[in-house]
Amino acid sequence: METINWSDPIWELTARFAINTVANVLLMFGMFYRRYRDKELATTASMFNIFAFAVLTILSSVEFSIAAGFGLFAILALFSLRSEQISKTEISYFFGAIALAVICSVQGTGLLFVLVIVVFVLIGAWLLDHPRMLHSVSSAKLTLDNIEAHVLSDTEKMRVDLSERLGVEVMTFQVIELNYVNDLARINVFFRA
């Protein structure tokens, strides 16, 4: 039986793809989906990971200028500008999926080095977002059908008012939109139950 020649480009590509896929499944479905239950983002980030891996593999095998690389990131920035607003945690996991694709697809790095970096990334993500690491607060998006006069002028009064309405300890809130025409306020509320 023949041994696998890892320097053969096809086997190396297969190994890189396997490392990328396993790492992405652990990140998006083993960590993110288990904690946040957001199937849409987990699936989207995973598909984006696969697509980015393919594009970056092709681009790293041909001469590719830094200007073209910045152009690629400009296109990614446009996607984020045209998309619905997502949380900072969701952005971090999404970026993590892209980072894994970049780490695994760039030619010139050894497979062992790639594997070690991927393990470090996964351990770091698991530790930093572990529920016992930082006692975080929950959040909810609210639409109020009446804009209170003290929304902007007295934030402490508004925080207490929201705590009483919701029956939880509101830590802070963020006004997303004030619509005086329809007398609506969209607010992100961060609370502890």
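**View 1. The axes of α1 and helix α2 (residues 39–61) come within 10 Å of each other and cross at roughly 160°.** The model is predicted. An angle over 145 degrees counts as roughly antiparallel, and α1 and α2 are therefore roughly antiparallel to each other. Their crossing is right-handed. From α1, the contact takes in Leu 13, Arg 16, Phe 17, Asn 20, Thr 21, Asn 24, Met 28, Phe 29, Phe 32 and Tyr 33. From α2, Lys 39, Leu 41, Ala 42, Thr 43, Ala 45, Ser 46, Asn 49, Ile 50, Phe 53 and Thr 57 meet them.

**View 2. Arg 37 sits in the loop between α1 and α2.** What is its phi? Phi of Arg 37 is near 55°, a positive value in a residue other than glycine. Most residues other than glycine have a negative phi. Is Arg 37 buried or exposed? Arg 37 has a relative accessible area of 57%. The threshold for exposed is over 50%, so Arg 37 counts as exposed.

**View 3. α1 packs against helix α4 (residues 88–105) at an angle of about 170°.** The two axes are 9 Å apart. That angle makes α1 roughly antiparallel to α4. On the α1 side, the residues in contact are Arg 16, Ile 19, Asn 20, Ala 23, Asn 24, Leu 27, Met 28, Met 31, Phe 32, Arg 35 and Tyr 36. On the α4 side, they are Thr 89, Glu 90, Tyr 93, Gly 96, Ala 97, Leu 100, Ala 101, Ile 103 and Cys 104. Arg 16 of α1 meets α4 residues and also belongs to the contact with α2. Asn 20, Asn 24, Met 28 and Phe 32 are likewise listed for α4 and for α2.

**View 4. Ala 23 is a buried residue of helix α1 (residues 9–36).** Its relative accessibility is 2%. Buried means under 20%, so Ala 23 counts as buried. Which residues does Ala 23 contact, leaving aside its neighbours within four places in sequence? They are Leu 100, Val 118 and Leu 122. Leu 100 is one of the α4 residues that meet α1. Ala 97 is another α4 residue in that contact. The C-alpha atoms of Ala 23 and Ala 97 are separated by 8.7 Å. Along the chain, these two residues are 74 apart.

**View 5. Three strands form an open sheet in the order β1-β3-β2.** The pairing is antiparallel. Strands of a sheet pair through backbone hydrogen bonds. β1 (138–144) and β2 (169–179) stand at the edges. Each has a single partner strand, so one side of each is left without a neighbour in the sheet. Neighbouring strands are turned by 20° against each other on average, direction ignored. Helix α7 (residues 155–166) lies across β1, β2 and β3. α7 runs at about 105° to β2.

**View 6. Strand β3 (residues 184–192) pairs with β2 and with β1.** How many bridges join β2 to β3? There are nine, and the two strands run antiparallel. Within this pair, Thr 172 stands opposite Phe 190 in β3. Glu 177 stands opposite Arg 186 in β3. Seven bridges join β1 to β3, again antiparallel. Here Ala 140 stands opposite Val 189 in β3.

**View 7. Asp 183 lies in the loop between β2 and β3.** The hairpin has four residues between its strands. Asp 183 takes a phi near 55°. That is a positive value in a residue other than glycine. At 29% relative accessibility, Asp 183 counts as partly exposed. Arg 37, by contrast, is exposed.

View 8. From the N terminus on, the elements run α-α-α-α-α-β-α-α-β-β. Of its 193 residues, 27% count as buried. Ala 23 is buried. Among contacts with a separation of 6 or more, 62% join residues 24 or more positions apart. The accessible surface comes to about 13,000 Å². Carbon and sulfur atoms account for 65% of that surface.

Terms used. Residues are numbered from 1 along each chain as its sequence is written. This is a predicted model: local features need pLDDT of at least 70, side-chain atom pairs count only at pLDDT 80 or more; totals for chains, interfaces and linings use all residues. Side-chain values use heavy atoms; hydrogens and water are left out. Two strands pair if DSSP finds at least two bridges between them. Axes are lines fitted to C-alpha atoms, for helices over the stretch in contact, and angles run from 0 to 180 degrees between N-to-C directions. Contact means heavy atoms within 4.5 Å. Buried means under 20% relative accessible area, exposed over 50%, partly exposed in between (1.4 Å probe, protein chains only). Accessible areas come from the Shrake-Rupley method with a 1.4 Å probe; for residues, only the protein chains shown count as cover. Angles under 35 degrees count as roughly parallel, over 145 as roughly antiparallel, 65 to 115 as roughly perpendicular and the rest as oblique. A crossing is left-handed if the near helix is turned anticlockwise from the far one by less than a right angle, and right-handed if clockwise.
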